[in-house]
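Visitor: I am new to protein structures and would like to learn how to read one. Could you walk me through a few features, please?

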Amino acid sequence: MKCLRSFLAVLCLVALWALPALAQDKIKVGFLVKQAEEPWFQTEWAFADKAGADLGLEIIKIAIPDGEKTLNAIDTLAASGAKGFVICVPDTKLGPAVKRKADSYGLKVIAVDDQFVNAKGEPMSEVPLVMMAASEIGAIQGNELWKEMQKRGWKPEETAVMAITAEELETARLRTSGSIEALIKAGFPEDRIYKVPTKSNDIPGALDAGNALLARYPDVKNWLIVGMNDNTVLGGVRATEGQRIPPANVIAIGINGVDAVNELGKPNVTGFLGSLLPSPDVHGYKSVAMLNDWIVKGVEPPLFTAITDAVLITRDNYKVELEKKGL
Ligand code: GLA
């Protein structure tokens, strides 16, 4: 009996000593995002943490709004003993520098959302990428805009498209061109589709772009708004409001969903009809799970993973749809 008691006591001591050691041994991985203020990226982070909890990893989350912070973040990760990271770069041209630095430390890299480009501006398809199916989701935006326009009985000759573009970002280019192609295919007159570039991928940048476009076409009665994400489209909507175009004469559909929650919850109905909600949860979780398999089991991730589904959320269904995804 005495013997058993001392055996159990030793066992407890060993467990107490081993537990913190086990916690310390957690593999560390980084999750670096360009615009931490966007709910899109906050959702990715939340699901990266969930994957970390499920897989026993420590996720080091760092905001990287510019090139300098990006390269510093990789140094920080290496110094803390991380084994790899998932990254959405603030500028896709940082791709070669990020890859070089990661390689120099022996860190594994997976790009999420935005694909790296090389010095010639070509996609760096050798770096594993998890990205939304951009053209397809853009096409849904175009088709939904067309459907709503038909529902409202708008005449094409009284309607125009405000397409706020960010052509230097490939995923953005694919989304807006997918949307425009879908509109043309549905029957929208090509010569009434007006493009304007935004200087920054946020509401103020898109607002400026929208204002510049509206000033050029003061006689258009109805506007459809196309853009690569919610903030771009919201900037366009704010521009129409500034020009006193009634909300009933505007149809805008964003992309991201999670960034549209405030707008959809507003008591007054704006020109913003809704948003396509893809899967920031899957982007966050899956990219971390892939990185874990790569580090722990040596399983190399596929070079390209497209995340396809997107659901249109509007004032009527957004709460239910977000809840379905645990958002
Ligand atoms: C880009 C955009 C984000 C979001 C992601 C989705 O990074 O800037 O707002 O749309 O793509 O992949």
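Predicted model: local features only at pLDDT ≥ 70, side-chain atom pairs only at ≥ 80, totals over all residues.

Visitor: How many aromatic pairs does a search of the whole structure find?

Guide: Rings of Phe, Tyr and Trp (its six-membered ring) pair if their centres lie within 6.5 Å; planes under 30 degrees apart are stacked, over 60 edge-to-face, and the rest tilted. Here the search finds 2 aromatic pairs. In one of them, the planes of Tyr 194 and Tyr 217 lie at 0° with ring centres 3.7 Å apart, so this pair is stacked. Tyr 194 sits in strand β7 (residues 193-197) and Tyr 217 in the loop between α7 (203-216) and β8 (222-226), so to speak of sequence, they are 23 residues apart. Helices (H or I, at least four residues) and strands (E, at least two) are DSSP runs, numbered from the N terminus.

Visitor: Which residue forms an edge-to-face pair with Tyr 194?

Guide: That is Trp 223, with 6.3 Å from centre to centre and 65° between the planes. Trp 223 belongs to strand β8, 29 residues from Tyr 194.

Visitor: Is Trp 223 buried or exposed?

Guide: Buried means under 20% relative accessible area, exposed over 50%, and partly exposed in between (1.4 Å probe, protein chains only). Trp 223 has a relative accessible area of 1%, so Trp 223 is buried. Tyr 194 is buried too, at 13%, while Tyr 217 is partly exposed at 26%.

Visitor: At what angle do the axes of α7 and α8 cross?

Guide: Axes are lines fitted to C-alpha atoms, for helices over the stretch in contact, and angles run from 0 to 180 degrees between N-to-C directions. The axes of α7 and α8 cross at roughly 45° and come within 7 Å. Angles under 35 degrees count as roughly parallel, over 145 as roughly antiparallel, 65 to 115 as roughly perpendicular and the rest as oblique. That makes α7 oblique to α8. Contact means heavy atoms within 4.5 Å, and among the residues making this one are Ala 206 and Leu 207 of α7 and Thr 232 and Gly 235 of α8.

Visitor: What does Thr 232 touch?

Guide: Leaving out residues up to four places away in sequence, Thr 232 touches Ile 164, Ala 206 and Gly 227. Thr 232 lies in helix α8 (residues 230-242) and is buried, at 2% relative accessibility.

Visitor: How far apart are the axes of α3 and α4?

Guide: Helix α3 (residues 67-79) and helix α4 (residues 95-105) have axes 10 Å apart and pack at about 15°. That makes α3 roughly parallel to α4. The residues in contact include Leu 71 and Ile 74 of α3, and Val 98 and Tyr 105 of α4.

Visitor: Where is Val 311?

Guide: Val 311 is in strand β12 (residues 311-314). With a relative accessible area of 27%, Val 311 is partly exposed. Beyond its neighbours within four places in sequence, Val 311 is in contact with Ser 275, Leu 276, Leu 277 and Glu 321.

Notes:
Residues numbered from 1 in each chain as written. Heavy atoms only, no water.
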